[in-house]
Amino acid sequence: MLDKEKTEEIFQNINLNEPAPEKEPDRQYYFMKKARLYVQQLKQQMGRELTFFVKTFGCQMNARDSEKLTGILETIGYLPADSEKADFVVYNTCTVRENANNKVYGKLGYLHGYKDKNPEMMIALCGCMMQEETVVEKLKSSYRFVDLIFGTHNIFQFAELIVKSMEEKQMTVEIWEGTEQIVENLPNERKYPFKSGVNVMYGCNNFCSYCIVPYVRGRERSRQPEEILKEIRSFAADGVVEIMLLGQNVNSYGKTLEHPVTFAALLREIEKIKGIERIRFMTSHPKDLSDELIEVMAASEKICRHIHLPLQSGSSRILNQMNRHYTKEQYLELVEKIRTAMPDMAITTDIIVGFPGETEEDFEETMDVVKKVGYDSAFTFVYSKRTGTPAAIMENQVSEETVKDRFGRLLAAVQEIASEKSGRFTGTCQKILVETVNEQDDKLLTGRMSNNSVVHFKGDASLIGTIVDVALKECKGFYYMGELILHETEK
Ligand code: 5AD
Ligand code: SF4
């Protein structure tokens with residue numbers, strides 16, 4: 001990561017009278033400097049500071065992308081605002097399910113109202129939804145007040161596109177169909193000083209038959225291991241103690257590199273970085289979860305005792321239709337292997353209800369896996385038909401009524417099992433990364449265990465960002481109440 005001083009140093013060597021460099025990221029720094037000039041002019045004209053607001057829809061990958069967008073907006077002179085009543089609003093969108101799209105259209109109506117009152121306001125839309133042609137057509141015809149639209153492949157061009165749309169003063173649309181490029185070393189603003197997401201790979205090659213992600217995020221591309229390690233080292237130097245390695249399918253990391261590296265080998269290197277105390281990753285595809293990875297996890301002091309292992313369905317027949325490349329039995333064996341190696345592991349999952357052709361028997365298989373595995377928590381989704389995916393044209397789409405009934409039964413089972421499991425650490429002492437002052441009671445701190453469970457306990461805000469020992473006194477549904485253990489030297 002480049003800090004603010006370094007950015008200034010780079011800016012000093014940029015001459016805006018010369019044409020923009022071709023090479024990245026130099027080209028983007030050129031446009032950041034130019035955009036900053038325009039923002040300064042606008043501030044003078046308006047006689048006040050200008051603000052921005054980035055709203056993230058969807059997954060952790062989008063959240064990380066939003067930090068990159070934020071880094072650029074701050075570099076060019078905007079100050080953060082806490083709502084859409086700002087001078088520059090970005091919606092970083094998701095399209096994994098239909099309702100994600102509808103939310104964005106709904107919110108755009110409000111933004112239009114804000115822009116009527118503040119005509120200099122800029123509205124930018126980016127992320128997965130923008131990679132869909134029908135969406136962009138709709139925006140072009142019915143949402144002309146949007147200033148800038150770009151996609152997932154050219155997010156690194158944000159500064160350049162801001163300049164273009166400021167200069168042309170009309171809707172700027174730049175969507176790429178795909179890319180091989182990974183642009184490193186752009187500014188980014190981390191949301192938390194003590195923990196950060198780290199992209200290890202982009203895109204997905206799995207083509208699960210219901211999923212739109214491979215179409216909107218493109219083919220799998222892994223970052224060079226040296227780049228990842230360099231970034232994590234600089235985070236550690238900056239006070240980060242926990243990292244979350246991000247990718248649509250992290251354990252297929254490295255397969256497409258010129259010199260292939262396994263995800264397990266990458267983890268071994270990350271483990272050596274001083275200052276990093278906790279390593280998380282998501283999402284793991286069951287078909288790629290190797291024995292080598294389980295070994296590395298079991299031997300590690302830093303890799304957290306939590307794995308997110310999407311099941312999607314418990315029926316081998318449906319899994320085959322979903323193109324998931326594992327059976328119910330293989331999934332259960334994998335869980336067994338993980339639990340044997342690491343008995344305290346928390347396992348969470350994603351499940352889809354109502355995939356085309358799902359019968360009552362298929363659904364019962366899913367319920368069976370849920371009971372056998374005993375998930376610590378599970379995200380349950382109603383199947384959403386995504387145009388362009390193979391499942392969208394499959395016959396036997398399940399009726400809304402049946403889906404609703406199954407979804408209710410699944411949710412009840414998931415919640416019952418999760419609440420049974422959640423108290424199992426009561427009475428133990430655990431290492432907690434302190435994250436925030438409790439929202440409801442400012443005498444309490446809130447933090448997380450290695451297995452991701454939430455714990456509240458009395459303590460001073462100065463402990464935020466540190467790892468402390470806490471005795472877990474009581475489990476209240478989905479969180480624990482605990483007591484800070486002070487060591488001799490701290491008393
Ligand atoms: N319908 C419902 N859920 C979906 N997911 C992905 N695509 C769809 C879809 N078309 C879910 C999967 C995935 C999670 C991120 O979203 O469970 O793991
Ligand atoms: Fe979608 Fe499957 Fe890729 Fe996950 S692994 S992003 S569900 S295609």
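Q: Before we start, what does partly exposed mean, next to buried and exposed?
A: Buried means under 20% relative accessible area, exposed means over 50%, and partly exposed is in between. Keep in mind that this is a predicted model.

Q: OK, so is Phe207 buried, partly exposed or exposed?
A: Phe207 has a relative accessible area of 30%. That value lies between 20% and 50%, so Phe207 counts as partly exposed.

Q: And what about Tyr215?
A: Tyr215 is at 37% relative accessibility. Tyr215 is therefore partly exposed too.

Q: How many aromatic pairs are there?
A: The count comes to 15 aromatic pairs.

Q: How is Tyr143 arranged with Phe145?
A: Their pair is tilted. The centres are 6.1 Å apart, with 55 degrees between the planes. Tyr143 and Phe145 are both buried.

Q: Back to Phe207 and Tyr215. Why is that pair called edge-to-face?
A: The planes of Phe207 and Tyr215 stand at 80 degrees, and over 60 counts as edge-to-face, so the pair gets that name. The ring centres are 5.3 Å apart.

Q: Which residues do ring pairs link into a cluster?
A: Tyr78, Phe88, Phe150 and Phe158.

Q: New topic: ligand 1. Which residues are around it?
A: Val96, Arg97, Tyr210, Gln312, Asp350, Ile352, Phe381, Val382, Tyr383, Ser384 and Arg386. By class, that shell has six nonpolar, two polar and three charged residues.

Q: Which strands each supply at least two residues of that shell?
A: Strand 13 (346-353) and strand 14 (377-382).

Q: What does Arg97 do there, in terms of distances?
A: One of its polar side-chain atoms lies 2.9 Å from an oxygen atom of ligand 1. The charged end of Arg97 also sits over the ring of Phe381, 3.8 Å from the ring centre.

Q: Where do Tyr210 and Ser384 come in?
A: Both use backbone atoms. A backbone N or O atom of Tyr210 is 3.0 Å from a nitrogen atom of ligand 1. For Ser384, a polar backbone atom is 2.8 Å from a nitrogen atom of the ligand.

Q: How much of ligand 1 does the protein cover?
A: The protein covers 85% of the 400 Å² of accessible area that ligand 1 has on its own.

Q: And which residues surround ligand 2?
A: Among them are Cys204, Cys208, Cys211, Phe207 and Tyr210. Tyr210 is also one of the residues around ligand 1.

Q: How does the ligand 2 shell split by class?
A: Seven nonpolar, three polar and one charged.

Q: Last one: where is the charged end of Lys195?
A: Over the ring of Tyr192, 4.8 Å from the ring centre.

Key: Residues are numbered from 1 along each chain as its sequence is written. Chains are lettered from A and ligands numbered from 1 in the order in which they are written. This is a predicted model: local features need pLDDT of at least 70, side-chain atom pairs count only at pLDDT 80 or more; totals for chains, interfaces and linings use all residues. Side-chain values use heavy atoms; hydrogens and water are left out. A residue is near a molecule or strand if one of its heavy atoms lies within 4 Å of it. A polar contact is a pair of N or O atoms within 3.5 Å; within protein, one must be able to donate a hydrogen and the other to accept it, and residues adjacent in sequence count only if both atoms are side-chain atoms. Accessible areas come from the Shrake-Rupley method with a 1.4 Å probe; for residues, only the protein chains shown count as cover. Helices (H or I, at least four residues) and strands (E, at least two) are DSSP runs, numbered from the N terminus. Ala, Val, Leu, Ile, Met, Phe, Trp, Tyr, Cys and Pro count as nonpolar, Asp, Glu, Lys and Arg as charged, and the others, Gly among them, as polar. Rings of Phe, Tyr and Trp (its six-membered ring) pair if their centres lie within 6.5 Å; planes under 30 degrees apart count as stacked, over 60 as edge-to-face and the rest as tilted. Buried means under 20% relative accessible area, exposed over 50%, partly exposed in between (1.4 Å probe, protein chains only). A charge sits over a ring if NZ of Lys or CZ of Arg is within 6 Å of the ring centre and within 35 degrees of the ring normal.
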